[in-house]
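Could you take a look at this structure with me?

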Amino acid sequence: MSSIWQEEIAAETRAGGRISDRFIVDKVRKAVLTQRLPPGTRLPEVALGDIFGVSRSVVRKALTRLAADYVVTQQPNQVARVRAPSIEETRETFAARRLVEGEVAALLAGRLDDEQLATVASLVEREAEAYACGDEPARIEHSLAIHHLLAERSPNRVLGAMLTDLILRTSIVIALYKRAGLASCYLAEDHPALLAHLRTGDGEAARRCIDDHLQALENLLDLSTRETRIDLMAILGQREGVTE
């Protein structure tokens, strides 16, 4: 094990006494979102148990959570795998999110108070700063926070819940299928434009902004088949020399 991996396990042990299924979920999700675990990667219970030093029952709980979050797929009597959405499913997911988030943005235009608008503005600024510094994990975090704020503040709670689900699904798809060599899916003008429309109360402009933003993200995807060799210990253990 690497020293970084040992330090993380030690920190978790100090915090809770043992590695939890939540810890495993966070590690695997982060590896997927940062493209270290590509679509179709096998996640055997025994291998994960050895990596994290836990029983198979703990691993099973983690995999169940990951399946509920659309990060992995599980079939009876088969090894769990990182989800590999089909082209059709990917297109349908983006189409659904354009409809739902566009409506939420239109409903919210002119309805956010000064404090909420200031929060969005801060997130937009911090996303730009993270991009400028090359901190892609932070950039993704701030970008997601903008969209989650829309979901949380949606006047229609059903649409808000749907949007929360679709944000996770599309985030995973973007992480899995971002074009090789593309360092970031940052679209510099999109979030500032959305903020402006939310401030002025132009609902239709906010809807179009969301539609254009999500279409641009979809256009950055590479949905071709990939063949990869995966070393779970290297990836989840944060060792150098990962083969991807």
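This is a predicted model: local features need pLDDT of at least 70, side-chain atom pairs count only at pLDDT 80 or more; totals for chains, interfaces and linings use all residues.

1. Residues are numbered from 1 along each chain as its sequence is written, and side-chain values use heavy atoms, with hydrogens and water left out.

2. The largest pocket holds about 420 Å³ of space. A pocket here is an open set of points on a 1 Å grid over the protein atoms alone, where a 1.4 Å probe fits, with protein on both sides within 12 Å along at least five of seven lines. Grid points are joined across faces, edges and corners, and the volume is the space filled by probe spheres set on the points.

3. Its lining (residues with an atom within 4 Å of a point) has 25 residues, and Glu136, Arg139, Ile140, Ile174 and Cys185 lie nearest the centre. Helices H7 (136–153), H8 (157–177) and H10 (203–219) each give two or more residues, and H7 gives the most, with seven. Helices are DSSP runs (H or I, at least four residues), numbered from the N terminus.

4. Now for the second largest pocket, with about 300 Å³ of space. Of its 13 lining residues, Arg29, Leu33, Ile140, Glu141 and Leu144 are the closest to the centre. Helix H2 (21–33), H7 and H8 each supply two or more residues, and the largest share, five residues, comes from H7.
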